[in-house]
Amino acid sequence: MFYRIPSRRVIVGFGSLRPREIQPKRVGEALMLDLGSMGKSGARALMLAMMLCLLPSACAAERQQASSKSDRSPTEVVREFYRALRERRFRDAFALSIYRPAVEGLSEEEFRDLQPDFERIAAAVPERFEIAGEQMSADAATVFIRLKDDPNAAPEPVALVRDKGGWLVGDRQSQLLVQQRGKAFFFQARIDAHHDEVQKLLQRIAAAQLVYSAQHDGRFADLSTLIRAGLVPKDLETADSTGYRFQIVVSNDGRSYAVRAEPARYGRTGRLSFYMDRNGIKSKDVGGKPLMEK
């Protein structure tokens, strides 16, 4: 599910535009219209002869492009992958990886929805790196990258798999998962990541409440107070980074509290609603509505 950019773990995806192809059937129809006065047998014979001449040239550019891609070494693929990401040419970058099925079926609206995620990926790409080595077998390869900003660091591996004669960034297990989920992959990956992050943030809130109550005679605080005290991140004020809306409800005497978290956009930023109190954390899919204590 995850592709590892050196020193960071991020999610990436793939998409490409297929070269335009000349359709033999349409070529034949055009020729038949132009040669209608020759009679069916003569027209068909000339049409077939001309098609046999046309087809090699029609497919030559595509064959050359496919050959060029298949001739790329794993190192060349990795270099171009990083370059395309840094330049924000996301579809070009994604076409060099196993995640192409996750992007090529996206509508323009869906792609724009994922654009902020792709931008974060690009921001994590190292600007300066060098290739430290390459290992290759029949259907898998590893390219080792060393960040130039830290020449003493150990090289980090980038996995590749062979697919249809060319090399793609990624591993075989992730490739199978992407093929199963198709264009839903990135949205589901985002949701899974948000669910994990909410769990960790709730645990952090619980720890922050313990610190705050120890300093305030056993009383707990609401979210804004914990943020002002520097006990929880300011990101919790909005759903921009977490994909969730958080709320802390404190009792009138301040001796107890409960936390709720709901997805900002159900089905896009999350599916589970969360509830936490002194008894622990609960989560359930309730269509994006608040999950209440029963």
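**Sheet and helix packing**

Mentor: Strand β9 (residues 273–277) runs antiparallel to β10 and is joined to β10 by 5 bridges. Strands here are DSSP runs of E of at least two residues, helices are runs of H or I of at least four, and both are numbered from the N terminus; two strands pair if DSSP finds at least two bridges between them. The model is predicted, with local features needing pLDDT of at least 70 and side-chain atom pairs pLDDT 80 or more, while totals for chains, interfaces and linings use all residues. Residues are numbered from 1 along each chain as its sequence is written, and side-chain values use heavy atoms, without hydrogens and water.

Trainee: Which residue of β10 is the bridge partner of M276?

Mentor: Strands β9 and β10 are joined by 5 bridges. In β10, the partner of M276 is I281.

Trainee: Which strands stand at the edges of the sheet?

Mentor: The open sheet has 4 strands in the order β7-β8-β9-β10, with antiparallel pairing. Each edge strand has a single partner, so one side of each lacks a neighbour in the sheet; these strands are β7 (244–250) and β10 (280–284).

Trainee: Is α5 parallel or oblique to α7?

Mentor: Helix α5 (residues 108–124) packs with α7 at an angle of about 45°, their axes 11 Å apart; axes are lines fitted to C-alpha atoms, for helices over the stretch in contact, and angles run from 0 to 180 degrees between N-to-C directions. Angles under 35 degrees count as roughly parallel, over 145 as roughly antiparallel, 65 to 115 as roughly perpendicular and the rest as oblique. Therefore α5 is, relative to α7, oblique.
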